[in-house]
Amino acid sequence: EKKELRKLVNSDTISRDGRRVELGANIGNPKDAKKSNENGAEGIGLYRTEFLYMDRTSLPTEEEQFQAYKEVLEIMGERPVVIRTLDIGGDKELPYMNLPREMNPFLGYRAIRICLEEKDIFKTQLRALLRASIYGNLKIMYPMISSLEEIRQANEVLEEVKRDLEKDNIGYSSHIEVGIMIEIPAAAIISDMLAKEVDFFSIGTNDLIQYTTAVDRMNEKISYLYNPFNPAVLRLINMVIKNGHEAGIWVGMCGEVAGDPRLIPILLGMGLDEFSMSAGSILPARKQIQGLSYEEMKEIADKVLEMATADTIEKFITQYV
Ligand code: PEP
Ligand code: MG
């Protein structure tokens, strides 16, 4: 079984009837990138840069960040590497930043909201990213976007950093895609409009499920309500993919759901272009997709979207797993 899977390390991910998708890895540091390589990743779909900032007593310098980003880009070569800008707050704390205590940290001052206010922190990271961009195929991704204004503000800072680099005669790649995470329902709902201003979407189901269903992703007591088969969640995911495609951009997913064998048939049928998951899930997912028909899964996805309860959907989909 394991040996059979190993054979798929260097193969593409193509459905039985010829639909090609990309399987990427979610990573937290350069070591993970090596591991994802051994597991057949076609790219990095999510590099969580928070870990560079955690377990220390001060912010990482531009140089430290540059080295880490460069290392990952070099390991992946020509393959795409989506690096997410700082997504701190919620469950991820940085004691040295002295952020205010909040009643609802998941609904509070976090991620892009911090970056747009603490511009120096954001600029340092963007500068490190741009400098590293010449070593590979970098794509920059903003987390926790809830409005068009945030995209425009973040892009303004990015342009400012580019101008600074030009003044200093420091090079950066001229073709860096910039995308956003779709993990807040507000963003999913206006994804038709957001799609016109970015190069890609990556759906963050870990948070999208939490915010759509009002279920704290850390709370055991209500975990039975935290369900990717929730028809509202599936409807949003489908909408985001359609809106992205209508605007001509690619749509990926980097939440846990992307590597879940029960969801993969539905996501393939909805037309998801890129699935990013923990390294260990990549080969099983490749094998599964190679055995599925895209045309058939399209019909399955349409059927699922007509079902009104998570339970019905889950039972129905089990026959395709
Ligand atoms: C998500 O929200 O789905 C996601 C991938 O990001 P994180 O788990 O880091 O919040
Ligand atoms: Mg998230």
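This is a predicted model: local features need pLDDT of at least 70, side-chain atom pairs count only at pLDDT 80 or more; totals for chains, interfaces and linings use all residues.
Residues are numbered from 1 along each chain as its sequence is written, and chains are lettered from A and ligands numbered from 1 in the order in which they are written. Local features need pLDDT of at least 70 and side-chain atom pairs count only at pLDDT 80 or more, while totals for chains, interfaces and linings use all residues.

The annotated sites come first. An unreviewed UniProt entry lists Glu183 and Asp207 under "binding site"; UniProt positions follow the numbering used here, feature names are shortened, and annotations may be inferred rather than shown by experiment. The two span 25 residues in sequence, yet no two of their C-alpha atoms are more than 5.4 Å apart, so they gather at one spot. Glu183 sits in the loop between strand 6 (177-182) and helix 8 (185-189), where helices (H or I, at least four residues) and strands (E, at least two) are DSSP runs numbered from the N terminus. Glu183 is buried, with 26 other C-beta atoms within 10 Å. For burial, C-beta atoms are placed from the backbone, and a residue is buried if 20 or more others lie within 10 Å of its own, exposed if 12 or fewer, and partly exposed in between. Leaving aside neighbours within four places in sequence, Glu183 is in contact with Met144, Gly204, Asp207 and Leu208; contact here means C-beta atoms, placed from the backbone, within 7 Å. As for Asp207, that residue belongs to helix 10 (residues 205-213) and is buried too, having 22 C-beta neighbours inside 10 Å.

Not counting residues up to four places away in sequence, Arg84 touches Leu46, Tyr47, Arg48, Thr49, Met141 and Pro143.

On to the interior. In soluble globular proteins, nonpolar side chains tend to be buried together. A nonpolar core is taken as a set of buried Ala, Val, Leu, Ile, Met, Phe, Trp, Tyr and Cys residues joined through C-beta atoms within 7 Å. Here the largest has 90 residues, and Ile44, Val72, Ile180 and Leu267 make the most contacts inside it. Helix 4 (residues 62-76) gives this core its largest share, seven residues. Leu267, for its part, contacts Met253, Ala258, Leu272 and Phe275, leaving aside neighbours within four places in sequence.

Helix 4 also pairs up with helix 2 (residues 30-38), at an angle of about 10 degrees and with axes 9 Å apart; axes are lines fitted to C-alpha atoms, for helices over the stretch in contact, and angles run from 0 to 180 degrees between N-to-C directions. That makes helix 2 roughly parallel to helix 4, given that angles under 35 degrees count as roughly parallel, over 145 as roughly antiparallel, 65 to 115 as roughly perpendicular and the rest as oblique. Pro30, Ala33, Lys34 and Asn37 of helix 2 meet Ala68, Glu71, Val72, Ile75 and Met76 of helix 4.

Helix 6 (residues 119-132) and helix 7 (residues 148-167) pack at about 60 degrees, with axes 9 Å apart, and are therefore oblique to each other. Residues making this contact include Phe122 and Leu126 of helix 6 and Val157 and Val161 of helix 7.

Notes
Two residues are in contact if their C-beta atoms, placed from the backbone, lie within 7 Å.
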